[in-house]
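Reader: Hi! Could you walk me through this one?
Author: Happy to, here it is.

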Amino acid sequence: MSDEGKKPSNGESRQKWQDAVNVKRFMNGRMTPSEAHRMYAIKNPCYVCGAPAVMRIRVLVQLAELMKQAPQFVATIVALNPEGPMIPVIPTTYGPMVKVSDVAACSHCQKDAEHAASQHPSWAIVEIDRGPKDVVQTQVPRG
Ligand SMILES: [Zn+2]
């Protein structure tokens, strides 16, 4: 029996996926996936102690909801915006959103930051970005 005529193997794309998650192969071993996430996605240091951050918490509120819940806050943004009398919004599938808060936290302050984020009102959307976990893949011997 020959393998000719069968569907070509998906080995190449599987290898790419393994490169993306394998710590030793990721970016030729120059950095781990979580280090790359910290460098490119978080950037800011911890908001409490200034140590390198491991997570980022963003709080978003729909513009219409924010105007209903906190009109004075919206008026303050309009009055103090250095780019002009308007509200900077992020277009999303749920409509225009206002970024109310954007903080980073280190591994020591992470628990307090998550607790503080859980205290937000129900009409605010809290986005917690912990990034990828560094998983060292083990090799299974073939029988
Ligand atoms: Zn900290």
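Author: Let's go through the overall fold, then the sheet, then the core. Keep in mind that this is a predicted model.

Reader: Good to know. How many helices and strands does the chain have?
Author: There are five helices and four strands. Reading from the N terminus, the elements go α-α-β-α-α-β-β-α-β.

Reader: And in what order do the strands sit in the sheet?
Author: The order is 2-3-1-4, in an open sheet of four strands with antiparallel pairing. Strand 2 (90–92) and strand 4 (125–129) are the edge strands, each pairing on one side only. On average, neighbouring strands of this sheet are turned by 35° against each other, ignoring direction.

Reader: Which strands does strand 1 pair with, and over how many bridges?
Author: Strand 1 (residues 55–62) is joined to strand 4 by five bridges, and the two run antiparallel. With strand 3, strand 1 pairs over eight bridges, again in the antiparallel sense. As background, strands of a sheet pair through backbone hydrogen bonds.

Reader: Can you give me some landmarks? What stands opposite Val59 in strand 4?
Author: That would be Val126. Towards strand 3, Arg56 has Ala104 opposite.

Reader: Switching topic: which residues make up the largest nonpolar core?
Author: Nine residues in all: Cys46, Ala53, Val54, Met55, Ile57, Ala104, Ala105, Cys109 and Ala113. Strand 1 and strand 3 (95–105) are the elements that give two or more residues to this core. In general, nonpolar side chains tend to be buried together in soluble globular proteins.

Reader: Nice. What share of the chain is buried?
Author: Buried residues make up 10% of the 143 residues.

Reader: Last one: among contacts with a separation of 6 or more, what share comes from residues 24 or more positions apart?
Author: Those pairs account for 69% of such contacts in the chain.

How values were computed. Residues are numbered from 1 along each chain as its sequence is written. This is a predicted model: local features need pLDDT of at least 70, side-chain atom pairs count only at pLDDT 80 or more; totals for chains, interfaces and linings use all residues. Two strands pair if DSSP finds at least two bridges between them. Axes are lines fitted to C-alpha atoms, for helices over the stretch in contact, and angles run from 0 to 180 degrees between N-to-C directions. A nonpolar core is a set of buried Ala, Val, Leu, Ile, Met, Phe, Trp, Tyr and Cys residues joined through C-beta atoms within 7 Å. A residue is buried if 20 or more other C-beta atoms lie within 10 Å of its own, exposed if 12 or fewer, and partly exposed in between; C-beta atoms are placed from the backbone. Two residues are in contact if their C-beta atoms, placed from the backbone, lie within 7 Å.
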